Amino acid sequence: MHLLQQCAIEKIHMVYVNLPNESRRQLSFYLAAEEYVARELPPNDYFFMWQVEPTVIFGRNQLLESEVDVEYCRRNGISMFRRKSGGGCVYADLSNIMFSYITPDSNVNFTFNRYMLMVEHVLRKLGLDARTTGRNDILIDGKKVSGNAFYHLHNRSIVHGTMLYDTDVEKMARATTPSDIKLKSKGVESVRQHVTTLNRYLDISIDEFLQFVRVNMCDSEILLAGDALERIEQIEKEYHTPEFIYGHNPAYSVCRSVRIEGVGELQLKLNIKNGVVRKATLSGDYFHVDDRVDAMLEQLQDAVYEESALINAVKDVDPSSVIMNLTKEKLEKLIKTFFDYGE
């Protein structure tokens, strides 16, 4: 019996969002579709899958030049887009499947963990030894097959992620340029050693996989067309503006990067003038719990550039309420790296 026929279908109450597939759209269209569902559709759990031509997607808090080999992407026709969720830089192509999940749940940890377990469960029904990690990945044989991120919008939570079916890992390794500290923390020497693809373990086609996921994740469906598509295209325009794609990369005097277990890679930049912090910015692949990151960093403004003064400036801050898993001790560890001159 075929593998798909062997697996009993366990329905989960979720609505599948059908999007017209008469032509391939850019990644920005599907990100805008997530927003449309969150803004316009009645409260419910929604899910859809999509594929794009070769594209690099970097996180809301990341610097383009630090995460992407821009020249390589331009030479090879690889699109580059910023998304509104946190997390790290990923690569997608037509042999990679993107998952989108929109829910009314507002509890970050509950929503994220629930979604990750749903995807893990579906993969296990295919006979795969899939396991979620503590932060945002799903692994097979200890290698990443899916990376996920989330953000809040209009009292909804949006979770989206990759599913590597038969992705061009060579292009992935060339297009994305993760820092040495991130690679070393994962115990790998290259992107190719860190990821795997589903086609190495399954004897079904990508279309069969798509159908299997759909019937196991959803028990009803809707079609977006007409006015809905026009609204999505309006939302999409923001993703094409230079201001959104390139972000704000302020001048700075000193910068330190550190990878913190359970939080991610954090890069803190301090603009110093006359021995006083004038501006602090934070980038990286962390997950923000809410939008108060700038407000948290403002506590460092006008502080004397000394270890004790900077730590004292954030003594009343609860960083875990702003960035997932970032405790006060971990924030202090990041600050102390500016003064570890012996390293």
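Rings of Phe, Tyr and Trp count as an aromatic pair if their centres lie within 6.5 Å. With that in hand, welcome to this predicted model, where Y16, F47 and F99 form one aromatic cluster.

**Aromatic rings**
- Two numbers describe a pair of aromatic rings: how far apart the centres are and the angle of the planes.
- Y101 and Y115 make a stacked pair, with 5.3 Å from centre to centre and 15° between the planes.
- Since Y101 belongs to strand β6 (residues 96-103) and Y115 to helix α5 (residues 108-125), this pair ties together parts that are 14 residues apart in sequence.
- Both of these residues, Y101 and Y115, are buried.

**Nonpolar cores**
- The largest nonpolar core has 88 residues, and the members that touch the most others are F47, F99, L198, F209 and M217.
- Helix α2 (residues 27-40) supplies the largest share of this core, with nine residues.
- Another core lies apart from it and has 30 residues, including I260, L266, A303 and I311.

**Helix α9**
- Helix α9 (residues 206-217) has twelve residues, which at 1.5 Å a residue should span 16 Å, and this agrees with its end C-alpha atoms being 16 Å apart.
- The buried residues in α9 are I206, F209, L210, F212, V213, N216 and M217.
- These residues cover an arc of only 165° around the axis, so they sit on the same side of α9.
- In an α-helix there are 3.6 residues a turn, so residues three or four places apart point the same way.

Note on methods:
Residues are numbered from 1 along each chain as its sequence is written. This is a predicted model: local features need pLDDT of at least 70, side-chain atom pairs count only at pLDDT 80 or more; totals for chains, interfaces and linings use all residues. Side-chain values use heavy atoms; hydrogens and water are left out. A nonpolar core is a set of buried Ala, Val, Leu, Ile, Met, Phe, Trp, Tyr and Cys residues joined through side-chain atoms within 4.5 Å. Buried means under 20% relative accessible area, exposed over 50%, partly exposed in between (1.4 Å probe, protein chains only). Helices (H or I, at least four residues) and strands (E, at least two) are DSSP runs, numbered from the N terminus. The expected span of a helix is 1.5 Å times one less than its number of residues. The arc is that of the directions from the helix axis to the C-beta atoms. Rings of Phe, Tyr and Trp (its six-membered ring) pair if their centres lie within 6.5 Å; planes under 30 degrees apart count as stacked, over 60 as edge-to-face and the rest as tilted.
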